[in-house]
Amino acid sequence: MTRVEPWRVTTRPTPPSPIGESVPRRDGVAKVTGAARYATDMAVPGMAWAKVLRSPYPHARIRSIDTSAAKALPGVIAVVTAEDLKARGDINLYYGHALTDHPILADGVVRYSGEAVAGVVAEDELTAYEAAQAILVDYEPLTVVVDVEGALGSGAPVIHEKEAKQGFHRGFDEDIQRDHPNVCSTAVQKFGDIDAAFAGAHLVLEGEYRYPNSYAYAMEPYNSMAEWRHGGLTVWTSCQHPFMVRDDVSHVFNLALANMRVIAPYVGGGYGSKSYTKIEPLTAALALVAGRPVKLVLSIDESILTTRGDGARVRIKTAFEADGRIRGRQAEILLNTGAYAENSPLVARKSANRISGPYRIPALDITCRAIYTNTAPASSFRGFGAPQGVLPGESQIDEAAERLGIDPIEIRRRNVVAPGEAPWPKVRGLDADLQADLSLVAEALDWASTPQPSHARGIAISASDAGSEPVSTALIRIHVDGSATATIGTSEIGQGSATVMAQIVAAELGIPLENVSLLQSDTAAVAYDRSTGASRSTTIVGLALQDAARDARAQLREWAGEVWSAESIEEARGGLVVGGVHRGWGEIVGAYFAGDFGEVVGRGRVRKVGATKQMPPFWEVGCVGVEVHVDEETGQIRVDKLVTVGDVGCAINPQLVESQDLGAAIMGFGMALTEELIYTDEGTLLNGNIVEYRVPRASDMPEYIGIIAERGDGVGIYGAKGGGEGSLNPVAAAIANAVRRAAGIRLREAPFTPERVWLAIRERDAAK
Amino acid sequence: MIPRFALARPASLAEAFDAWDATDGDASWYAGGTEILQVMKMGLARFGTMIDLKRIPELRGISLAAGDGALVIGGSVTHREIEVSQDVARELPGLVALEAHVANIRVRNQGTLGGNLCFAEPHSDPATFLLACDARVRLQGRGGTRDVAIDQFITGPLETAREADELLTAVIIPPARSGEGRAYEKAKFRERPAVSVAIRLRVQGGAIAEAYVSVGSLTDIPVLVPDVAAAFVGAQADAAAGTFGEALAQARARLGHLDAIGDLDGSPDFKRHLAGVVLGRAAIAALSEAAARA
Amino acid sequence: MPETIDITLSVNGLAHELAVQANVTIADLLRLELGLTGAKISCDMQVCGACTVLVDGLAVSGCTYLAVDADGREVATVEGLATDGVLNPLQQAFIDHAAFQCGYCTPGMLMSATALLAENPRPSRAEVIAGIDGNICRCTGYLPIIDAVLQAAEAGAQR
Ligand code: FES
Ligand code: FES
């Protein structure tokens, strides 16, 4: 399908060049020539290969493990079980930043099919694989539970007998309540008089919705390589948050942070699935035992078993006035978190926050619980709890519109918060203009015209409290020739940070882009950054870079004053005007050090003070419209047209913004139509591979209009704020709303597979 | 990971059988390897020796049989070679259309029709179509050569009538008779078809005189469904005609009695329904080809 | 252990004589033996196309194509597309359109597009889509890739 030129709506002031310019991606040449190196491409001398033996049982006690046959195979260097690691005394077997409930290798019990039971290190990968198959494990199967209903039911097996310790990343404390042994965490979002809201309502809608267990499918599988040297550990890994992995792994091995180095080269896709620690502790433990550098590359099938996205069952109730205004909303969200907590406590928190949408709602009563089950662990995934809630929430807005005879866009207009207005108490006011965004989508979809038969249009909107913790640092070194090197902890996961951050440095120093270089994601070499996620980097790290540039310029101003003892010093592009003479940054550096050498180091930081004090640092809104066609014979839905609005405040690089929005929306499209990990009741994953877990293909693409709205309303530099998730969150709801209008059916369970559509059509026809 | 094995690379059929005899039977033929290497990689099969068939000239090429003009496709001809073959485009356009949508371009470049049939994957596109086309395969072993009709050849999911030491040397498809149309349609939601239907019709004097229908991905192997096909016989050869509509409705009702297997694409009920939808689309395509061959 | 087999093949125009185990895939040979890590392994099931390389001009799945089967043949990989550091029109078009994000699919995508354009230098939009439909990209939503291939076709036609 075709693509229409992006629409750009700009009311912000003009930023300095090259901000706002679609400069070519700086990783472009490396990526089109095959020169870009990913963790999978890394090797060090003396490196051995590892493979993992995984449990075929979803829940079982391990009676015994016999590794003798595996150890006897030629080429095998080490065979490692949890017992071996515990016996050493220098490794903490359990890790997890939220809850330390996750053993590096199964510790006497396996909690999902695919859990790592033993690791093998060998001279080559095939030998390691064959040795892993030669390990004999005696399992005693236990009762299995794969869904949230089952896990909370009476007689459900208890998945974690022991209460796990809190992880070192605080912030979930209040959410870690376990009113049932299989509850991992509970997040509550409550205000207003909910009973009164429902009691006086003109219309109350109630429904149950389901969102699938999903898989992010970053095309680069989880993989890492670990090397111990002089008591220190270096890990090369495909991860989004190198500093958090550093912190996690240092706890496992009781290492000082200074002795622990994490390097994340180009990352082959993340989408949240590579946030936090995955196989790094195992790889490092195997390297320690083997006494060799070790490389562990999972297959995609194993990656699916390592981290997936949380499925959800949502019971939701919304009360409306006759004019469509929302009086209150109540919801119970149950997330299928799988066998280990990973980051699901935070997903639960965000899901509870995000289900109410960008609306003025007087009363809210939301509970979201992350539930342990005997399935692969779920964790962060792009959208982060939002799509699970936006599908039900936005479906009910449309349902109300239909029941009350109000146009779907109009009903949203009556409820969205105005710019600056906070959707709930004690949070930042909305830094976006959704009224205007709705108009843009309506125009792009030609909302007022009548679509062809079996076609219909739908829209949905969302708001996410984004940005994560606003904690980042950055360094900028300006060299004697006037060029600059910036170091940041942000990973280049494809989002374009290598390009955008360089643009920011060039603009802030007023130097040509080609004179800026960037060093990223090596914890031993770059300045601290909390994470690469929650759409935060451009905003938060951008501010840190701006601060570093300011710091460098201030120092140079001082130096210039000293060197030229001038009365007047003025800021100018690329340097200072000192006593009427333009002095470039490099010239000042050289003059200060009295030679052709030296440099200035600018230090920048962002923390929870000043502009970034109030949480969230920014809102990420989503506003999506679609036109769909429903084939009533086969039940197939075809999305003919897709419209997104990137409401990003200031598009540092518009091409990259559009690229993020389209990519995000198509990921949402996959989740809406085809993507679902399907478990049997016995705990077997039926489609744990890319043949049967279907992600969108080129031939599925709709016509696309990407709108970029720049109103300078973000907290970031030049009014920027984050993007890249907002356009995913409303997609399933927009499609469901369009299908309702096309075929008269209300789809409440994603993905909307042909069979589910067909069943709904049959039900519709039976009711006639 | 693909386990270790020894490789033999015969340059003729005779050498191929010698290579086989040099093993203790722990061997497998392979050509494109798209099926067999995959299952070996997944740990589902393992062979001491793999015998490469790609260097055997006798297994190559597409030709028309001297006598009846049947289409003869060599055992190591790739999907892609069929997709771009002028002969196939003229004789059996439905096969070109089908091949153009098998898996992806890489699998079509590497994989062979013969391999696909020998693997007997229950969702095989070609097997379903060739069944309705009354095709047969030629098997050759030390003991001689035999021709086996497709419906005799595929004996179960991943099972065929081929002996391990026999080679599929050719697939033979009878030529279209006058007034005959052959078509294949599928519904596909993932990599493999959810359900597929092939139909061969012969039109005489404006009515359907003969019909053969096969369905794939519905039961555990692609099967001919004679009672479904019979519903079309006697109907007018015109998609708009009432008798055709009745025949189709009848055929769909009979499909409803099939013992379908539910899978990731849907329940048995849904799959039977889909088969009916696809049957209608295939029948209309076959009618138009029949008209062109009248 | 089965012994190795001697093969000769050319990779991006450079001849190699190698002794390989029969079970080694062309992707592993390129990545681990020859240091050409451009082709990537993702699904390992012939479905994603990240491992796409050309053998005698035909796209194959490097993850499931034996190195011995390339004996006597010409293998082309992403590393061979640029000449003397100058990007070819397809590579340039990928940069112009930001036809990648993480870039993990890109080497395979480029090789599939290369095979397509060699066979059909002026493809229609639908033909481009058919040509890359066997390659998964999880980042971009494909449209920039389709546009890039069309631009490259255009550029090729003008030369
Ligand atoms: S890795 Fe070979 S096709 Fe996916
Ligand atoms: S660019 Fe990341 S998968 Fe295509």
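Predicted model: local features only at pLDDT ≥ 70, side-chain atom pairs only at ≥ 80, totals over all residues.

**Helix α13 of chain A**

- This helix covers residues 434-445, 12 residues in total.
- From the first C-alpha to the last, α13 of chain A reaches 16 Å, close to the 16 Å expected at 1.5 Å a residue.
- At its N-terminal end, α13(A) is capped by A:Asp433, with a side-chain oxygen 3.4 Å from the backbone nitrogen of A:Gln435.
- Which residues of α13(A) are buried? They are A:Leu434, A:Asp437, A:Leu438, A:Leu440, A:Val441, A:Ala442, A:Ala444 and A:Leu445.
- A handy rule for reading such a list is that an α-helix has 3.6 residues a turn, so residues three or four places apart point the same way.
- The cover over the buried residues of α13(A) includes the helix α12 (408-413) and the strands β1 (7-10), β23 (455-466), β31 (618-631), β32 (636-647) and β33 (703-710), in chain A.

**Where chain A meets chain B**

- Here 21 residues of chain A are in contact with 22 residues of chain B.
- The two chains bury about 2,000 Å² between them, with 54% of it on carbon and sulfur atoms.
- Seven salt bridges are counted between chain A and chain B. One pairs A:Asp124 with B:Arg4, whose closest N and O atoms are 3.5 Å apart.
- There are also 11 residue pairs in polar contact between chain A and chain B, both residues being at pLDDT 80 or more.
- On the side of chain A that touches chain B, α4(A) gives the most, with five residues.
- By class, that side of chain A has seven nonpolar, four polar and 10 charged residues.

**Where chain A meets chain C**

- This contact takes 54 residues from chain A and 44 residues from chain C.
- About 4,000 Å² is buried between chain A and chain C, 59% of it on carbon and sulfur atoms.
- How many salt bridges cross the interface of chain A and chain C? The rule finds three, and A:Asp41 and C:Arg31 meet in a salt bridge at 2.9 Å, N to O.
- Between chain A and chain C, 21 residue pairs are in polar contact, both at pLDDT 80 or more.
- Elements giving two or more residues to the side of chain A that touches chain C are α1 (28-33), α9 (300-304) and α17 (654-673) of chain A. The largest share, seven residues, comes from α17(A).

Key. Residues numbered from 1 in each chain as written. Chains lettered and ligands numbered in written order. Heavy atoms only, no water. Contact = heavy atoms within 4.5 Å. Buried area = accessible area lost by both parts, 1.4 Å probe. Salt bridge = Lys/Arg side-chain N within 4 Å of Asp/Glu carboxyl O. Polar contact = N/O pair within 3.5 Å; in protein donor to acceptor, adjacent residues only side chain to side chain. Helix = DSSP H or I, 4+ residues; strand = E, 2+ residues; numbered from the N terminus. Nonpolar A, V, L, I, M, F, W, Y, C, P; charged D, E, K, R; others polar. Expected span 1.5 Å × (residues − 1). Buried < 20%, exposed > 50% of the residue type's maximum accessible area, 1.4 Å probe, protein only.
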